[in-house]
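Subject: Structure handover

Hello,

Here is the structure you asked to take over. Please open it first, then read the notes below.

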Amino acid sequence: DDTSNTGRLLAENTAATTTTDPSFGKVDLAAYKMSSDAVIVSEELLQDSSINLSQYLGGALGTRIGRIKNTYFTTGTGSSQPGGVQVKASLGKTAAATNAITLDEIIDLIHSVDIAYRMSPSTRLMMHDSVAAYVRKLKDSNNQYLWQMAVQQGQPDRLLGYPVEINNDQDSSFATNKRLVLFGDFSKYVVRIAGGVALRRSDDVYFLNHQSVFEGSQRVDGNLIDTTAVKYLRTA
């Protein structure tokens, strides 16, 4: 985090003798194995299926791995597992209520993040779908919805000028100390991918049962390298 440091004005023929070093920390990125779980398929099903079942299972198992990665990249503790962005983010705003949030509080959350991060192309709001539905229903004194839908096809909906990403691994219940809305520069969340998704098939494990086993895995890690770049709105 170098947002508190600035340069300085130098007169002509003046040496730049002042040093201002940034403060560095260290974030270790390991490689944790994510598994799709095994799927056992009978020989008869493989032979009689009207679709390419092996190809279908490959896509389905890859999707499973995507889901489990998203879970850990959101809520992982960082201890023997990835550090989730919701866990590693800093507190930006505490709502006044336990069972409600307001648009003013989301504005306070946005302005709790340094403007240098707010200008990044990767800056956005992130929330669970049910929280997004709640925010969509907020209205002004003229009974007009405060969240306007995107008017250009293919572009994300924007709230207060920022894209909104839906992440259903985030907190969604309006209860005590729930981190309902994230905001910031998500390029500061770094993912390490140690190789692609490995899809395996074994016809030997259940040989006598005439069954095949399919399983997928991938080794990954992730962590927020600057905890001031992304902040959260928390209920009271």
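Tyrosine 162 and phenylalanine 183 are both buried. Keep in mind that this is a predicted model.

- E4 (residues 123-127) runs antiparallel to E7, with 5 bridges. Here arginine 124 faces glycine 184 of E7.
- E4 also pairs with E6, in the parallel sense, over 3 bridges. Leucine 125 is opposite valine 164 in E6.
- E5 and E6 are antiparallel, with 2 bridges. Arginine 158 is opposite proline 163 in E6.

E5 and E6 also make a hairpin, and 2 residues separate them. Leucine 160 sits in that turn with a positive phi of about 60 degrees.

**Helices**

Several H2 residues are buried, including Leu53, Leu57, Leu61, Ile65 and Phe73. Lys69 is also among the buried residues of H2.

**Aromatic pairs**

How many aromatic pairs does the structure hold? There are 3. Two of them are described here.

Take tyrosine 134 and phenylalanine 174. Their ring centres are 4.7 Å apart and their planes stand at 40 degrees, so the pair is tilted. Tyrosine 134 belongs to helix H6 (residues 129-136). Phenylalanine 174 is in the loop between strand E6 (162-166) and strand E7 (179-185). The pair therefore ties together parts that are 40 residues apart in sequence. How accessible are the two residues, tyrosine 134 and phenylalanine 174? Tyrosine 134 has 26% relative accessibility, so it counts as partly exposed. Phenylalanine 174 is partly exposed as well, with a relative accessible area of 25%.

Now back to tyrosine 162 and phenylalanine 183. The ring centres are 4.9 Å apart and the planes are at 75 degrees, so this pair is edge-to-face. Tyrosine 162 is in strand E6 and phenylalanine 183 in strand E7. The pair therefore ties together parts 21 residues apart in sequence.

The charged end of arginine 136 sits over the ring of tryptophan 147. The distance to the ring centre is 4.2 Å.

**Backbone and loops**

Two asparagines have a positive phi.

- Asparagine 13 has a positive phi of about 65 degrees, although it is not a glycine. It is in the segment before strand E1 (32-35). Asparagine 13 is exposed, with a relative accessible area of 78%.
- Asparagine 177 has a positive phi of about 55 degrees, and it is not a glycine either. It is in the loop between E6 and E7. Asparagine 177 is partly exposed, at 45% relative accessible area.

Proline 22 is also in the segment before E1. Its relative accessible area is 35%, so it is partly exposed. Leaving aside residues up to four places away in sequence, proline 22 touches Asp2 and Asn5. How far apart are proline 22 and asparagine 177, in sequence and in space? They are 155 residues apart in sequence. In space they are 33 Å apart, C-alpha to C-alpha.

Best wishes

Key: Residues are numbered from 1 along each chain as its sequence is written. This is a predicted model: local features need pLDDT of at least 70, side-chain atom pairs count only at pLDDT 80 or more; totals for chains, interfaces and linings use all residues. Side-chain values use heavy atoms; hydrogens and water are left out. Rings of Phe, Tyr and Trp (its six-membered ring) pair if their centres lie within 6.5 Å; planes under 30 degrees apart count as stacked, over 60 as edge-to-face and the rest as tilted. Helices (H or I, at least four residues) and strands (E, at least two) are DSSP runs, numbered from the N terminus. Buried means under 20% relative accessible area, exposed over 50%, partly exposed in between (1.4 Å probe, protein chains only). A charge sits over a ring if NZ of Lys or CZ of Arg is within 6 Å of the ring centre and within 35 degrees of the ring normal. Two strands pair if DSSP finds at least two bridges between them. Contact means heavy atoms within 4.5 Å.
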